[in-house]
Structure formats: C-alpha cells, structure tokens
Amino acid sequence: MSQNNPVYPVIWHNNSVSLIDQTRLPLEYSYVEIHRSEDMAQAIKTMIVRGAPAIGVAAAYGMYLGAREIKTNNRNEFISRLEQVAQMLRETRPTAVNLFWAISRMLKTAYESIGTVDEIKSILLETAQTINAEDLQTCHRIGDNGLKALPETPEKLTILTHCNAGAIATAGYGTALGIVRSAWREGRLEKLMAGETRPRLQGAKLTTWECVQEGIPVTLITDSMAAHCMKQNMIHAVVVGADRIAANGDAANKIGTYSLALIAKAHNVPFFVAAPLSTVDFSIASGNEITIEERNPAEIYQVGETIITPEGVDFYNPAFDVTPAELIAAIITEEGVFAPSELIKYQNKQMA
C-alpha cells in the first residue's frame with residue numbers, strides 16, 4: 001500500500017461488497033465477500049469492518065443489499081421491509097453516528113425516489129456508491145486541512161495517535177492518519193507514535209500496519225507510556241479520530257482517548273480530533289447523551305487463545321469514552337478547522 005497504490009476497506013464489485021477482514025490484520029491481508037444484508041450486519045458487529053466512516057459506507061451498501069433481497073413490486077411494502085433492514089443495521093454498533101447517518105440517507109433516498117421498485121433499487125446502489133466516493137474525497141480534504149492546524153516547529157513533527165483512524169477505518173486515506181499522510185507527503189513529519197489501544201489493539205495491529213505498508217516511520221508504545229513520552233518532550237501533537245461528536249464539541253472515540261487528552265492538557269501538547277462533519281451529531285447537546293457500547297469481556301480476559309485472568313473476576317469493557325470539548329484544541333473536518341464551540345455556529349450558518 002502506498003499513496004500510489006492505496007488500500008480501500010469497502011469495495012463494490014461483481015454485485016457484492018468486498019471488505020478487508022480487519023480481524024485478521026496484520027498477519028493476514030484478506031477480503032470477505034458480502035452478498036446479503038444480514039452478512040453485512042454481522043461484519044459490522046464483529047468488526048470485520050470498523051471505523052466510523054467505513055461503517056457508514058458499509059451500512060449504505062448493506063441497505064442496498066437488503067433492498068435487493070426484497071421481492072415485491074409494491075412500493076409501500078418495499079419501503080416497509082427496507083425499514084426493517086435499516087433497523088437490523090442500526091442495532092449493530094450503537095456509538096458510531098456515521099452508521100445512522102448513512103442509513104438515514106439511504107432511507108430518505110428510497111422515500112423520495114420516483115419510479116418502480118426496481119428503479120428505486122438502482123438509485124439506492126448509486127447513492128451507496130456516492131457515499132463511498134464522497135467519504136474518500138472528504139478524507140483527503142481533512143488531511144490537507146489538518147496541515148494548517150499542526151504546530152509550526154523548527155524540527156519535523158512527531159505525532160501521537162490512538163486506535164486506528166486510517167485508510168481502513170474510512171473509505172480510504174483516513175481522518176487522523178489522513179493528516180499524518182498529508183504531513184508525511186509535505187515533508188513535515190518525522191514519525192508517528194501509535195498507542196497500542198487496549199483491549200483490541202487497533203493501534204498495534206492496524207495503524208502500524210498501514211504505516212509500514214506506506215513507508216511512514218512509526219513507533220509503537222503501550223497506552224501507559226504516553227505521559228512519559230510527553231514529559232520527555234517527544235510528542236508535538238496528538239491527533240485522533242471520532243465515532244460521534246456532540247453539538248458542543250464533546251467527542252466519543254475509542255476507550256483511552258479521554259485519558260490521552262488529559263495527559264496532553266497537562267503537558268501543553270495540542271490535542272486534535274479529525275472527523276468528517278457527518279460524525280457530528282447536532283441532535284445531541286453534549287457527550288452525556290452519547291450511548292457507549294459495551295463489548296464482550298473476552299476482549300479483556302483473553303489474548304488470542306490464552307486466558308490471562310483467574311476465575312471469579314468481574315469485567316467492564318466499554319468500547320468508547322467521551323473527551324470533553326475543553327480538552328480539544330480543534331476539530332479538523334473537510335470544511336475546515338473548528339474550535340469545538342464553532343461547530344454549532346457553522347451548522348446554524350448552513351441552515352440559515
């Protein structure tokens with residue numbers, strides 16, 4: 001993988017969807033073929049496809065696959081059954097707002113399209129492909145906008161990231177890693193430091209894999225090493241992605257992001273969130289309203305096939321935490337760089 005030979009985690013071809021199986025990376029680079037909406041729902045739930053923007057793209061194709069499976073020429077019956085497909089997909093991952101955004105856009109398209117059921121199905125496929133293409137363009141714009149936000153330093157930058165907000169978490173190129181890619185392209189990056197991201201190790205498995213494929217220097221640290229590295233002045237900025245951003249700028253991201261933001265604040269290291277505007281949920285006032293997904297405790301007590309805890313231990317495994325807006329230096333989007341408090345102003349201006 002390189003910028004001349006990029007990787008795409010969700011591909012439509014031969015009337016099916018190919019997903020990079022992210023559960024097998026970095027040891028195996030393989031694809032899963034998805035032909036049915038139920039299989040897409042399972043792929044999202046089991047994190048074969050993951051990352052908020054990539055989940056949104058996958059869900060859009062899942063909606064089309066579900067539409068294709070509906071055997072009726074009655075428009076009202078078709079719409080009713082498509083709503084059932086939508087609900088199935090909504091129940092896969094409760095935190096990532098791009099999932100709900102993409103499903104809503106597909107439903108809106110179905111409701112507003114004029115023509116036969118077969119014609120509506122064709123329009124739904126076109127809409128899913130448009131969502132896919134738009135997200136790729138969005139990521140490139142986020143990457144380039146991020147260059148304006150990164151601190152100006154005499155030396156090249158060392159950036160710390162958490163989880164994976166790269167090409168495989170989006171339609172391609174990435175949000176947080178899109179900024180890293182743009183900085184590397186412009187000669188401003190010395191290296192990326194990647195936090196391992198317990199418990200699923202997306203930083204260790206996925207972010208490092210992307211960087212190695214592309215020749216971007218990357219150093220892996222455990223999550224507990226971030227404070228030490230900042231104290232040693234080893235990090236110029238932290239850049240992370242987001243799964244949902246509230247109207248006030250509070251941002252939900254992979255568990256451990258909040259503690260990283262606190263550490264960055266204590267060491268005067270700027271903390272940036274990179275995400276498309278579709279990740280901003282203007283219907284919620286603050287991060288207190290964000291549903292936090294809890295996942296299987298096996299992610300904590302098991303590494304591979306090895307159980308690492310004694311019997312009798314209880315487990316708590318939230319997949320996300322919410323970083324308060326006051327800890328975020330800026331939110332970097334395809335439309336520019338915003339202070340968290342500016343998001344709602346931008347939305348109001350767009351609606352005026």
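**Aromatic pairs and annotated residues in a predicted model**

By the ring-centre rule, the count in this predicted model comes to six aromatic pairs.

Visitor: How are the rings of Tyr 29 and Tyr 31 arranged: stacked, tilted or edge-to-face?

Guide: The ring centres of Tyr 29 and Tyr 31 are 6.0 Å apart, and the planes meet at 35°. Planes under 30 degrees apart count as stacked and those over 60 as edge-to-face. The angle of 35° therefore makes the pair tilted.

Visitor: How many residues apart in sequence are the parts that Tyr 29 and Trp 209 tie together?

Guide: The rings of Tyr 29 and Trp 209 form an edge-to-face pair, with centres 5.1 Å apart and planes at 70°. Tyr 29 lies in the loop between β2 and β3, whereas Trp 209 belongs to helix α7, so the pair joins parts separated in sequence by 180 residues.

Visitor: Which side chain makes a polar contact of 2.8 Å with that of Arg 50?

Guide: Beyond its sequence neighbours, Arg 50 is in contact with several residues, including Cys 163, Gln 202 and Gln 22. The side chain that makes the 2.8 Å polar contact is that of Gln 22.

Visitor: Over the face of which residue does Lys 254 lie?

Guide: Lys 254, in strand β9, counts as buried at 7% relative accessibility. Its contacts include Arg 93, Asp 243 and Phe 320. At 4.4 Å from the ring centre, Lys 254 lies over the face of Phe 320.

Conventions. Residues are numbered from 1 along each chain as its sequence is written. This is a predicted model: local features need pLDDT of at least 70, side-chain atom pairs count only at pLDDT 80 or more; totals for chains, interfaces and linings use all residues. Side-chain values use heavy atoms; hydrogens and water are left out. Contact means heavy atoms within 4.5 Å. A polar contact is a pair of N or O atoms within 3.5 Å; within protein, one must be able to donate a hydrogen and the other to accept it, and residues adjacent in sequence count only if both atoms are side-chain atoms. Helices (H or I, at least four residues) and strands (E, at least two) are DSSP runs, numbered from the N terminus. Buried means under 20% relative accessible area, exposed over 50%, partly exposed in between (1.4 Å probe, protein chains only). Rings of Phe, Tyr and Trp (its six-membered ring) pair if their centres lie within 6.5 Å; planes under 30 degrees apart count as stacked, over 60 as edge-to-face and the rest as tilted. A charge sits over a ring if NZ of Lys or CZ of Arg is within 6 Å of the ring centre and within 35 degrees of the ring normal. Lists of a residue's contacts leave out its neighbours within four places in sequence.
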